[in-house]
Each structure stands twice: as C-alpha cells, then as structure tokens.
Amino acid sequence: EEKRSLNFIEHIIEEDLRNGFPREELHFRFPPEPNGYLHIGHASSICLNFGLGLRYNAPVNLRFDDTNPIKEEQEFVDAIRYDVEWLGFKWAKECYASDYFQQLYDWAVEMIKNGDAYVDSQTSEEIAEQKGTPTQPGKSSPYRDRPVEENLRLFEQMKNGETPEKGHVLRAKINMASPNMLMRDPVMYRCLHKNHHRTKDNWKIYPMYDWAHGESDFIEGISHSFCTLEFLPHRELYNWFLTKVGEIEKVRPKQREFARRNLSHTVVSKRKLAQLVEKGIVSSWDDPRMPTISGLRRRGYTPESIRKFADTIGIAKRENLIDVSLLEHMIREDLNKKAPRVMAVLDPVKLVITNYPEGEEEWLEAENNPEDDAAGIRKVPFSRELYIEKEDFKEEANRKFFRLTLGKEVRLKNAYIIKGESVVKDENGKISEIHCTYDPKSRSGSGTEESMRKVKGTLHWVSAKHAEKAEVRLYDRLFTVESPDTDKEKDFLEFLNPDSLQVITAFVEPSLKDVQPLDQFQFQRLGYFNVDKDSTKEHLVFNRTVTLRDSWGG
Ligand code: ATP
Ligand code: MG
Ligand code: MG
C-alpha cells in the first residue's frame, strides 16, 4: 500500500483511540438500501468503510437498509452482494435492518410507555403544516398527549394491519420548538400493507430511516457510522434515539459525515439511474454507459481501477464534481499493464499488396504485451489482401500526415514496410481498394538492414481472408454537460447525449475467435476493448472501454 496522510475520518478514529476507545471495539458497516444497483459513488463509501476495516483490522458488516418494501427487491440485494465482493471486499456479517423489526418494535413500545412516543392520527399534510419553519416553532399535534394506554392499543392495531395505511403514524415526542426541524416529533413508523422481500406479510408497519438506522448500528455494535453530508442534521436525532434504547454499557455508535462523490457527465443517484432503465434510455442497470459498478464491469473496468480511483479522490468534507477523465485515466493505467495487444480494424478499407504472391500466406510473430515480459508472443496471419483503417490513408497529404499516402512508405505493425502506389475507386469516386508494394526484406524482427529502416508511420491491419467479423460497441458520455442534474430549470434527461452508443462491424485478428465475456484487450492504436456478455463464438461483441487518449472536447 502506498503511503499517504490520514484523511479526516481516520483522524476521528485516531483521536477516539487516543482518548481510550478500545481498538478491539472498532466496527464498521456499509449500509446500502436494496432499491437499485450500486454506483461509483457507493464505491467511495465501500472503499472507505472496508478500507478502515483493513487498516484497523476491524470487522465490517454489509447491512441492507431494507425498511421500505415499496422500492426494495431481492434482485438488488443479490446485485449489491456481487458488486461488493467483485470490488474485492469481504464483509464480516451480512445483516438486514428487517432482522431487527421485532427489536425495534419492542423498543418503540418501551418509548410509548415512557412517554417518548405517541400515535398521531392526522394526515401527513396536517403534520407537515404544523412543523413550522426553522425560525418559527411548530404546533403540537392534538394527539400529542394521548394517554399511554390508548397509544399502546393503537400501535398494536397498526402493527396488526387493523388500521388503514394512512390512518396513523407513530411519532417520537421530542420538541416542536427545536431549531432542528428533524427534532420536531419525527415519524418513527408508518402503516404500509406491502409485502417485504424478506419478511413477506409479517409486518404492516415499517420503521423510518432515522429510527431504524442508528438502532441497527447499535444492535450490531458498530463503533463508527459514516454517512454522507445530508445526514449531518440527522445526527442530533440519531443520538437522541440512542439514549432511548438498550443496555447502558454497550458501545454507542458515532455518526460522522463525509461528502457525497459526484462524477462528471453522469448522474449518481439510484433514483435517476432507475429512470434511465425504466424509460429504456439504456438497456439495463449494467448497460456499459451506466456509472453503476455492474455497468463499469461490463464496460471493462477492473476492480483495481475503481479502487484506485476511490483512493485517489479520497474522502472530502465538501461536495465537488470529479471529472470522469480521472476514472478513465485509472483504467488506462491498469489495462496498459494487463491487456494483451491485438489488431482490429474498425472502419476498414482493402489494401492489396500487388507484389505479394497470390494465394500465399505467412504467420508473423507479434508481441502480446510490451509492458509484460511474461505475456509472450502469438502468430498473426499475413497475406496479399489486408484491411487497414480508412483514416490511415490519404491520396495526398501534407508532411505531417505520418500514415499511408501515394508514393510514401509506412510500416505495417509486426510485418513489412509498404509503399502506396495507386487507388481503385467505385462509380461514386469512393476508394474501394488501395494498391501498394511491399519490401520483402523489411519484415519486423528479421534482423536485416531493411527491417531496421526507419519510416515515419506504423499502421495496424488484419488479413482479409483470416479476419473475424465482430460487432463493436463504441460508447461516449451519456450526458453532454458536466453536471446534468444541477440545472434548476431543466430536467437531467434534457442533457442526454444522443450519440452515446454507436454500433459498428469491425474486423479482428483470428486469435480473438475464442474469447470469453469480460476478456480485455488493447486494440492497437485504437483503445481498450473487452468482450461483452452478449458475445458468442458465432457473433463476437466487443465494448470499447476507453480510447487510448482522452479525446473528449478535442
Ligand atoms: P442514492 O441517492 O444513489 O440512492 P443513497 O445514499 O440513498 O444513494 P444508499 O444505498 O443509502 O444510497 O447508500 C449506501 C451508502 O453509500 C450510504 O452510506 C451512502 O451515504 C453512501 N453513498 C451513496 N451515494 C454516495 C456517493 N455519491 N458518494 C459517496 N457515498 C455515497
Ligand atoms: Mg439511503
Ligand atoms: Mg436513496
């Protein structure tokens, strides 16, 4: 691990340890709500919490914050487990807030008995109206002083599903004049007659986040509960609830906040990402354009690149926008070390070597990865007819064009030096073939004087007869602006990039015939590509992970 200075979260822990907090009591958690797939923002939180676990040799729970059955599903639980593991982390315990429903209920009953909670029978609109404003105290509910016996009876009826969904709520009795609006008798329970993906129809009431979260932390013995900044005003309530429950001598968790991470040219909110899926703007949660962990994986991102990204941006106290080019930089660096080099032609034009014997072929040696000595070599077929990229040829060009033109020489990668001779055009004047000659003594690696000759350009190519056809999906940013969801006037969907996906047919070298989904390659001179999960032996499909250089905004 690289040496770096402590972040402010680690300083908080260090200070607690200096003040006598027992090291063996350190315990962290990552608490996703299973209402969608994890995204790159969550990766920051995962790396923070599990990173602390590794640093302090402390357990980290994976806690599903599953208190809202309207939006939560088993599919999301499974996806979250898979993604956290894939990122390379191991949780000590897999926990569910729903496992604590009975305990939470029992505590709520205690609170009613102690005069700390009451059943309110007003509508949510009435309750909202009485909340007041930050500068004006709220008004008490007419039910605030309901007798304990009546509260207990009503609460039990709520639990048994004997009252309608919007009939009552349970509220904590705190302070309707508190300057913190969240302390003005917050709702603890609502009636909801919905099936829960785990507890099925056992419960007709569900705890609200503020009530369930801190208590879940407490039950699990979490020492430090890190959440994003919007929960700062909730901290007072988090602590208040903790004074109402449980054995006194048990560790009281400490909530601290860090800034949400935002990535440019995308949105990191499950709710908004769900809209992209529901409206069919992307194909699925793991569409390679999505900033979800599963989308990034399918796109060709590695766990190492995502962890490095999270470590590099670190933990902040203030929100800011991280440019997506930093994430792209991380995957380029990682794949530069790992990805085998191969040749593929995305926009082909035929190249005929007129002095190469017809019907003949040879298999030339090609280095798999100059960055990795162990990667070895492979053989690529060479013959009289090849494909090269259209943009690698111009009939006439200025001195700065280091590719193929008529009368000039370039090298074909791993092969020979060729010279442009003439072109064949179709009736519309478009070039259908380029004719060239080659220097038979110039083969790469042959050691001849001719092979050492320096020419300005090197082109990639594939042998026409041997090449495999492949579908290639070229991705671009999903949104045309840096921050699509901060515009006050416009909906984020108005900033969609209409060209975020381009599907083309390419030719790839025959060594790629047997690739498997997620295999990664550098298509030389073009970028990093991986094999999509849709790919089969009969129909190869590649995703462009990232170009070799940052070409955005050029
Ligand atoms: P979303 O708005 O995308 O649903 P959320 O915060 O509601 O996000 P949770 O499933 O509750 O999603 O998040 C689990 C944990 O991940 C929480 O501790 C949350 O604070 C953290 N987290 C979520 N989004 C980000 C982000 N963009 N940057 C850093 N941490 C995040
Ligand atoms: Mg949440
Ligand atoms: Mg959310």
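Reader: In which sense, left-handed or right-handed, does α4 pass α6 in their crossing?

Author: A word on the model comes first. This is a predicted model, in which local features need pLDDT of at least 70 and side-chain atom pairs count only at pLDDT 80 or more, while totals for chains, interfaces and linings use all residues. Residues are numbered from 1 along each chain as its sequence is written, and chains are lettered from A and ligands numbered from 1 in the order in which they are written.

α4 passes α6 in a right-handed crossing, where right-handed says that the near helix is turned clockwise from the far one by less than a right angle. Helices here are DSSP runs of H or I with at least four residues, and strands are runs of E with at least two, numbered from the N terminus. Helix α4 covers residues 101–113 and helix α6 covers residues 148–159, and the two pack at an angle of about 160° with their axes 9 Å apart. That angle makes α4 roughly antiparallel to α6, a term kept for angles over 145 degrees, on a scale that runs from 0 to 180 degrees between N-to-C directions, with axes fitted to C-alpha atoms over the stretch in contact.

In the contact itself, Y105, V109, I112 and K113 of α4 meet V148, N151, L152, F155 and K159 of α6, contact being C-beta atoms, placed from the backbone, within 7 Å. By class, the contact of α4 with α6 has 6 nonpolar, 1 polar and 2 charged residues, where Ala, Val, Leu, Ile, Met, Phe, Trp, Tyr, Cys and Pro count as nonpolar, Asp, Glu, Lys and Arg as charged, and the others, Gly among them, as polar.

Elsewhere, strand β14 (residues 348–353) and strand β17 (residues 385–389) pair in the antiparallel sense over 5 bridges, with V349 standing opposite I388 in β17.

Note on methods. Parallel < 35°, antiparallel > 145°, perpendicular 65-115°, else oblique. Contact = placed C-beta atoms within 7 Å. Pairing = 2+ DSSP bridges.
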